[in-house]
Each structure stands twice: as structure tokens, then as C-alpha cells.
Amino acid sequence: MLISSFSSSGGSYNPRMLDSRQLHRLLEEHFGFREFLEGQEHVVESILAGQDALVIMPTGGGKSLCYQFPALALDGITVVVSPLIALMKDQVDALAAKKIPATFINSSLGQSEIEARIAGMQRGEYRLVYIAPERFKSERFTRALAPLSI
């Protein structure tokens, strides 16, 4: 496992410091776990402190929680870029089962559904949005994201 943290540059980031007790309470409340897996707590703390983190973990190592947890603790929307449509759906379904508002935008959706989900993002209905990389080729899409707190 590789975990590397470094300072964020620029932007108007508002870090949120939570003590270990608060982190574990949120972990159990939202994800049903009493303890973090190896490396997760350090990554989450780094992100909440306003640092960027490069995380390389094996399959099943708990990477998803490393961005899902901060998404709940920080303001704005967390955008997850993934080329894997099936993974997006599985992750969104798992988050929905935990009552965590999330959605995905990819080529499996029609244009009207994409527009509805973007409108939902603009209304603040989602904490996490999984997006296929090719969406960023659309100027219309990137313009829709511009005013959002991401």
C-alpha cells in the first residue's frame, strides 16, 4: 500500500478537523464499521486537513471509503471519475442503501436523465457524483459544473 500526502495548492478550501472519536462515530453511523482498515484513517485525516492524497491499495483494500467518508464530512459535491459503468452503479446503489445521496452520469443514461441529474447536482441533492471521463469533453457539461462547490 502506498499513501502519500502533500499540501493542496490554491483554492478556497475549508478543512474540517475531526478528532478520532468523531471519525469513528461517523464511520460506524454511515458505513457500519467500528474501525478503519489499514491506511484509511490516515488518508481520511489528510483529506479533511486539506491535503491531497495519492492512495494505492489492493483490490478490497478500502479505497472507496477514502473518498466517500470525506464527501460526507466536507461541504459541496465530491466528483468521482470512473470509466467503469458497472462499478459506478454498484457504488451508487451501495451508498443509496446507506441513505447517502449519490448518483452517476455516464453513457448508459439518456440526455433527459443526464440533465435531470445535473439539475439535482445544482440543487445540492447529491454528496457524491460518479462521472465517466468522457463527460469532461462536453463544454456544456463542464459549464454546468463550474458554479458548483466541488
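1. Helix 3 (residues 63-73) lies across strand 3 and strand 5, and its direction makes about 140 degrees with strand 5. Contact here means heavy atoms within 4.5 Å. Helices (H or I, at least four residues) and strands (E, at least two) are DSSP runs numbered from the N terminus. Angles run from 0 to 180 degrees between N-to-C directions of axes, which are lines fitted to C-alpha atoms, for helices over the stretch in contact.

2. The model is predicted: local features need pLDDT of at least 70, side-chain atom pairs count only at pLDDT 80 or more, and totals for chains, interfaces and linings use all residues. Residues are numbered from 1 along each chain as its sequence is written, and side-chain values use heavy atoms, without hydrogens and water.

3. Strand 3 pairs with strand 5 (residues 128-131) in the parallel sense over 4 bridges; pairing requires at least two DSSP bridges. Valine 81 is opposite isoleucine 131 of strand 5. Helix 4 also packs on the sheet, where it touches strand 4 and strand 5, at about 165 degrees to the direction of strand 4.

4. The open sheet has 3 strands in the order 3-5-4, paired in parallel. Strand 3 and strand 4 (102-105) are its edges, each pairing on one side only.

5. Helix 1 (residues 20-31) packs against helix 3 at about 100 degrees, with 11 Å between the axes. That makes the two helices roughly perpendicular (65 to 115 degrees; under 35 is roughly parallel, over 145 roughly antiparallel, the rest oblique). Leu23, Leu26, Leu27, His30 and Phe31 of helix 1 meet Leu65, Gln68, Phe69 and Leu72 of helix 3.
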